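Subject: Structure handover

Hello,

Here is the model we spoke about, with its sequence. Notes on what was found follow below.

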Amino acid sequence: MVEKNIIITKQKVFKFIIQLLLVAAAGVIGGVTFKSFFEELEPSIIPTGLSGFAMIIRTWLSWGGIDIATSIIYLALNVVIFAFSLKYFGWKFLVFSGVGMGTYVLGMEYGFIEAILQSVGGNDHLLLCIVGSIIMGLMTGIAIRMGGSTGGSDILGKLLNRAFPKIKTGWCILIINVIVLSLSIVTSGLQTGLYALVNSIVSSLATDMVLDRSKKIVAYYIICDKPKEIADAILSHYHRGVTQIDGTGMFTGNNKSILLCLVPYDQSYKMREFVLSIDKNAFVFSTPVTQTIGENNLMTAPLPAPVSQTIKNNDLAMSESHNKCENTPATPKTKKQNTTSKTSVSKQRQTSKQTIKGSNTTVNKKSSSKKTTKNAE
């Protein structure tokens, strides 16, 4: 049991580190993209989100002769947002978001890649806006999927998504971006606002592509001659239920078995090769599932434990209970328990004797009453 707990702890620590590194990488790449594809252009493109709002604030301050870096303004805005989000999110999300936001700020400050502008020439603003928006949207989705964010509108989007679950996180961020879009039009003109609109739509679609990809369900239909072997393999490998349907090929007239299995998108990419490795003559096709209703809802139910692990846990519990039964010594009876048992037995005997005496006396009384009636006669 101790070794098993150590292995589980190591796995959790390894997973935590990998997630943290992915959030940090997403933050750095997002900050570099902001600096290279938007802020350093002439004229600059104001993206949507909190980073774009930080650029707007910097422009307003520059009108008054105050020059503050966009990264510093972005950092200050995030500190305020983090202070309000402490009571809504757990420590893990805040730690990951802090790392993502910190690396994003570093990318904003020091991540300018001049070769990007030189290769494009710095004139094709639309191309730079589209490519930069795709990269920023993907990085935002990766950070959120890993359990964190890069700060700013990501956290606000998650707050709105928690309050209104039917609204996707990407569209929640889009609503926030509309406000920044309006301010960018007022600050830098209509052309900058149109670029911001392109950035908002493209980045939101990219974010949704990353987040919704893991929620999709794929239905696999497997027409085969070895239904038992394939079903057992799917149950043990994917830990998903399989339904067998009897079918007949209308051209050949041969009876065939059709297996139906719903699998999450993340687990479906090897299903075809997995089935063909068991039955080379099997015919496999899939279709996306938009909704599941009823018991064992696949879109809401968590992934069940592996069958082998369940059997191991049951065997371990049975062995532990068996060892406890063998190791527990038989408790010897004490003198008090012996005396109490003897007294209870003696009391039972006395009560039985009293009942017998009572029954005898009642019989004697009846016989005497009969004799008196005869004498009276």
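In the largest nonpolar core, which has 30 residues, those touching the most other members are Phe 34, Phe 38, Ile 45, Tyr 74, Tyr 104, Leu 128 and Ile 155. At least two core residues come from each of helix H1 (2-39), H2, helix H3 (70-85), helix H4 (91-110), helix H5 (114-120) and helix H6 (125-145). The biggest share is from H4, which gives 6 residues. Please keep in mind that this is a predicted model.

Leaving aside residues up to four places away in sequence, Phe 34 is in contact with Glu 39, Pro 47, Ser 51, Met 55, Thr 70, Tyr 104, Met 108 and Met 136. There is also a second, separate core of 16 residues, with Ile 222, Cys 224, Cys 261 and Val 275 among them.

Helix H2 covers residues 50-63, 14 residues in total, and runs 20 Å from first to last C-alpha, close to the 20 Å expected at 1.5 Å a residue. Its buried residues include Ser 51 and Met 55, both of which are touched by Phe 34. Just after H2, Gly 65 has a positive phi of about 85°.

Leu 205 lies in helix H9 and counts as partly exposed because its relative accessibility is 48%.

Regards

Technical notes. Residues are numbered from 1 along each chain as its sequence is written. This is a predicted model: local features need pLDDT of at least 70, side-chain atom pairs count only at pLDDT 80 or more; totals for chains, interfaces and linings use all residues. Side-chain values use heavy atoms; hydrogens and water are left out. Helices (H or I, at least four residues) and strands (E, at least two) are DSSP runs, numbered from the N terminus. Buried means under 20% relative accessible area, exposed over 50%, partly exposed in between (1.4 Å probe, protein chains only). The expected span of a helix is 1.5 Å times one less than its number of residues. A nonpolar core is a set of buried Ala, Val, Leu, Ile, Met, Phe, Trp, Tyr and Cys residues joined through side-chain atoms within 4.5 Å. Contact means heavy atoms within 4.5 Å.
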